[in-house]
Amino acid sequence: MNDSWVYHHFINTFLFPLTLFGVAFCVLGVLLYMLWKEKRKEGPKENKSS
């Protein structure tokens, strides 16, 4: 009889970690992309300017 509660519980326990994982994945992707761009920009020129 308590279908709505089960639905909410399912969302709270399944969607929350999924969203967290998605955000973490996005941040990691952006960081990796920036690192890759830096490396490509460096390329032949060994410019170490942090």
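Residues are numbered from 1 along each chain as its sequence is written, and side-chain values use heavy atoms, leaving out hydrogens and water. In this predicted model, local features need pLDDT of at least 70 and side-chain atom pairs count only at pLDDT 80 or more, while totals for chains, interfaces and linings use all residues.

The protein chain has one helix and zero strands (DSSP runs numbered from the N terminus: H or I of at least four residues for helices, E of at least two for strands). Helix H1 covers residues 3–42. Its 40 residues reach 57 Å from first to last C-alpha, close to the expected 58 Å (1.5 Å times one less than the number of residues). At leucine 15, shortly before proline 17, H1 has a kink of about 25 degrees (the angle between axes fitted to the seven residues ending there and the seven starting there).

An unreviewed UniProt entry lists residues 14–36 as "transmembrane region"; such annotations may be inferred rather than shown by experiment. In the model this span is 100% helix and 0% strand, with its end C-alpha atoms 33 Å apart.

Of the 50 residues in the protein chain, 0% are buried (under 20% relative accessible area; exposed is over 50%, partly exposed in between, with a 1.4 Å probe and protein chains only). The chain exposes about 5,400 Å², 70% of it from carbon and sulfur atoms (Shrake-Rupley method, 1.4 Å probe). Phe10, Phe14, Leu15 and Leu18 form a nonpolar surface patch with about 400 Å² of accessible area together (nonpolar side chains joined within 5 Å, each residue with over 30% relative accessible area and no salt bridge).

The whole structure holds one salt bridge (a Lys or Arg side-chain nitrogen within 4 Å of an Asp or Glu carboxyl oxygen). Lysine 41 and glutamate 38 form it, at 3.5 Å from N to O. Both lie in H1, three residues apart, about one turn of the helix.

| Residue | Relative accessibility | Class |
|---|---|---|
| Leucine 18 | 47% | partly exposed |
| Glutamate 38 | 42% | partly exposed |
| Lysine 41 | 63% | exposed |

Key. Patch = residues over 30% accessible without salt bridge, like charges linked within 9 Å, V, L, I, M, F, W, Y side chains within 5 Å.
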